[in-house]
Amino acid sequence: MSAPEVDLPEVARLAADLIRFDTSNFGGGDARGEREAAEYVGAYLESLGLRTEYYEPITRRTNVMARVPGRDPDKPALVVHGHLDVVPAMADDWSVDPFGGVVRDGMLWGRGAVDMKNMDAMILTSVADLLRAGEQPERDLVLAFFADEENGGVEGSALVVRERPEWFAGAGEAISEVGGYSIDVAGRRAYLLQVGEKALMWIRLVARGRAGHGSRLHPDNAVTRLAEAVAALGRTQWPVRLTPTTRELLGRLSDLTGLPADDPDALAATAGPAEAFLRSTFRTTTNPTVLAAGYKHNVIPERAEALVDVRVLPGTEDAVLAQLQEIVGDDVEIEMVVRDIGMETPFQGALVDAMVGALGRHDPGVPVIPYLLGAGTDNKALATLGITGYGFAPLRLPADLDFTGMFHGVDERVPVDSLVFGQQVLTDLFRTY
């Protein structure tokens with residue numbers, strides 16, 4: 001049942017407003033709506049008495065920033081950032097308008113409800129909590145909202161950190177997506193805090209052959225050659241390779257379940273809907289995503305292409321790239337479209353303690369577990385400035401909600417109560433850290 005918007009908490013209203021900006025990012029510079037969304041965010045920040053700055057290195061690819069003065073100017077600033085773009089949504093596949101910002105049965109539905117307009121709204125309303133009460137955060141907060149994250153940040157955060165590094169002056173750490181959310185481990189709630197990310201390699205496979213008539217006996221067919229390479233790569237079973245973070249994750253899951261720590265996939269299975277998300281952190285993944293070849297039914301094309309999303313563990317990039325060439329064969333070219341770093345940070349330090357403490361004050365006695373994100377965030381761009389990034393978008397979620405499965409999925413949604421919880425935890429963190 002839909003709730004009247006006037007009865008919704010502010011964080012849900014803001015998130016719904018942001019969802020209604022269609023900021024679909026198709027990649028390769030084909031994006032929409034980011035300027036309008038950034039201007040909405042900027043207007044909200046200005047209503048709180050903050051001074052905003054915009055940076056639009058490419059027309060309509062807009063980024064916005066504001067700095068919130070802290071009580072202790074001697075402490076390093078904390079960057080709190082989100083992205084305003086989303087992946088496209090095919091409306092016919094959804095049960096609601098993906099850009100309608102619909103609230104139904106206690107859930108906010110729409111593209112961005114999970115990735116990541118929910119966190120954008122939580123950031124804004126948490127800062128509003130402090131400023132409207134006449135308070136300041138403990139340290140300066142650098143609030144940044146980027147364009148183009150869903151295309152690897154190449155036309156968003158990567159350009160901002162290169163052209164506007166002064167935005168982040170004095171900052172040493174950052175928080176953003178994807179962590180701080182709860183999972184169910186064998187009937188017990190736990191929170192995942194993201195302390196690292198796999199490296200990103202978006203590659204293009206190119207197979208070449210000889211063009212000709214579709215009726216001919218034609219062994220030199222680029223489509224066949226590409227199909228064989230794609231099938232070989234897509235069927236490759238990459239081995240488990242643990243890092244310090246994933247070893248600690250497994251140890252803590254073992255403590256919660258009593259299962260041995262030496263069976264990663266079995267332990268991941270105890271995390272319910274989050275299983276696939278966790279299993280991807282133990283190994284390289286190579287997923288073909290786009291195929292392109294030909295222009296007419298009876299013409300054999302000279303060239304065939306495939307795009308593959310490759311995510312590898314930090315430090316293994318070059319070795320995996322060499323393996324990819326072996327798998328697809330020497331007669332298929334590999335072109336690098338986007339390549340970005342992997343990161344891993346120890347689960348310790350003052351900020352980690354503060355995030356764990358903030359969760360504990362709002363959900364006492366629930367364990368917090370470090371994990372390595374199988375995907376990537378704009379923390380990669382900030383790392384080039386020496387800023388250490390974490391995933392902390394706190395959400396207390398129903399045990400049966402497939403939250404991780406809704407990233408880039410259909411009928412993306414988040415409980416309104418979870419947004420309120422996240423706002424409260426972030427307010428607590430900003431006040432105390």
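1. Strand β7 (residues 107–109) is joined to β21 by three bridges, and the two run antiparallel; strands here are DSSP runs of E with at least two residues, helices are runs of H or I with at least four, and both are numbered from the N terminus. Within β21, R413 is the bridge partner of W109. The model is a predicted one, in which local features need pLDDT of at least 70 and side-chain atom pairs count only at pLDDT 80 or more, while totals for chains, interfaces and linings use all residues. Residues are numbered from 1 along each chain as its sequence is written, and side-chain values use heavy atoms, with hydrogens and water left out.

2. An open sheet is formed by three strands in the order β6-β7-β21, with antiparallel pairing (two strands pair if DSSP finds at least two bridges between them). Because β6 (102–104) and β21 (413–415) stand at the edges with a single partner strand each, one side of each is left without a neighbour in the sheet.

3. N221 is found in the loop between β13 (212–213) and α5 (222–234). With a relative accessible area of 15%, N221 is buried (under 20%, whereas exposed means over 50% and partly exposed lies in between, with a 1.4 Å probe and protein chains only). A polar atom of the N221 side chain lies 2.8 Å from the backbone nitrogen of V223.

4. The lining of the second largest pocket includes W238, R279 and R283, and its largest share, three residues, comes from β14. A pocket is an open set of points on a 1 Å grid over the protein atoms alone, where a 1.4 Å probe fits, with protein on both sides within 12 Å along at least five of seven lines; lining residues have an atom within 4 Å of a point.

Terms used: Polar contact = N/O pair within 3.5 Å; in protein donor to acceptor, adjacent residues only side chain to side chain.
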